[in-house]
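Let's walk through this structure together. Keep the 3D view open as we go.

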Amino acid sequence: MGESQSGTTRAVLVIVGGELAGTEFELGADETLIGRSPTTDVTVRDENASREHAIIAHDRDGGAYTIEDLQSTNGTRVNGRRVRTATLADGDEIQVGHTRFRFFWAARPADETPA
């Protein structure tokens, strides 16, 4: 049902660097909220991140993922560039405060994790 036997198409954020490097967050919902607040979907322990810093939205009809900065103090960066909103591509680096993530969106076997 939309998935091949060899794997699935899924989107994930993976923390890059630091003590939590490799921590993976699956982007399964239509919207994923990122921030310092414990009520966010992806909670970062980073004083430079706002409580509700950014949101990633998935347009199921168009198939695109976009990130939007929620008027955070320190901004949101995609591939080093500060953005208000941006369409994400496989392999993009996202920075929220000092926390860096890599965005992966590709078919991969269920038992394979992104590098």
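A salt bridge here is a side-chain nitrogen of Lys or Arg within 4 Å of a carboxyl oxygen of Asp or Glu. With that in hand, we can turn to the model, which is a predicted one. It holds six salt bridges.

Start with Arg10. Its side chain meets that of Glu26 in a salt bridge, at 3.4 Å from N to O. Glu26 belongs to strand β2 and Arg10 to strand β1, so this pair ties together parts that are 16 residues apart in sequence. Arg10 also meets Glu24 in a salt bridge, with 2.9 Å from N to O. Here, too, β1 (residues 8-16) is tied to β2 (residues 24-26), because Arg10 lies in the one and Glu24 in the other, 14 residues apart in sequence. Arg10 is buried, at a relative accessible area of 15%, whereas Glu24 is partly exposed at 29% and Glu26 is exposed at 52%.

Next, look at Arg60 and Asp30, whose side chains form a salt bridge of 2.5 Å, N to O. Arg60 sits in the loop between β5 and β6, and Asp30 in the loop between β2 and β3, so the link joins distant parts of the chain, 30 residues apart. As for the shared partners, salt bridges join Arg10, Glu24 and Glu26 into one network.

Now for the sheet. Five strands make up an open, mixed sheet, in the order β4-β3-β5-β6-β9. At its edges are β4 (42-43) and β9 (85-87), each pairing on one side only. Within it, β3 and β5 run antiparallel and are joined by four bridges, with Thr32 opposite Ile56 in β5.

Technical notes: Residues numbered from 1 in each chain as written. Predicted model: local features only at pLDDT ≥ 70, side-chain atom pairs only at ≥ 80, totals over all residues. Heavy atoms only, no water. Pairing = 2+ DSSP bridges. Helix = DSSP H or I, 4+ residues; strand = E, 2+ residues; numbered from the N terminus. Buried < 20%, exposed > 50% of the residue type's maximum accessible area, 1.4 Å probe, protein only.
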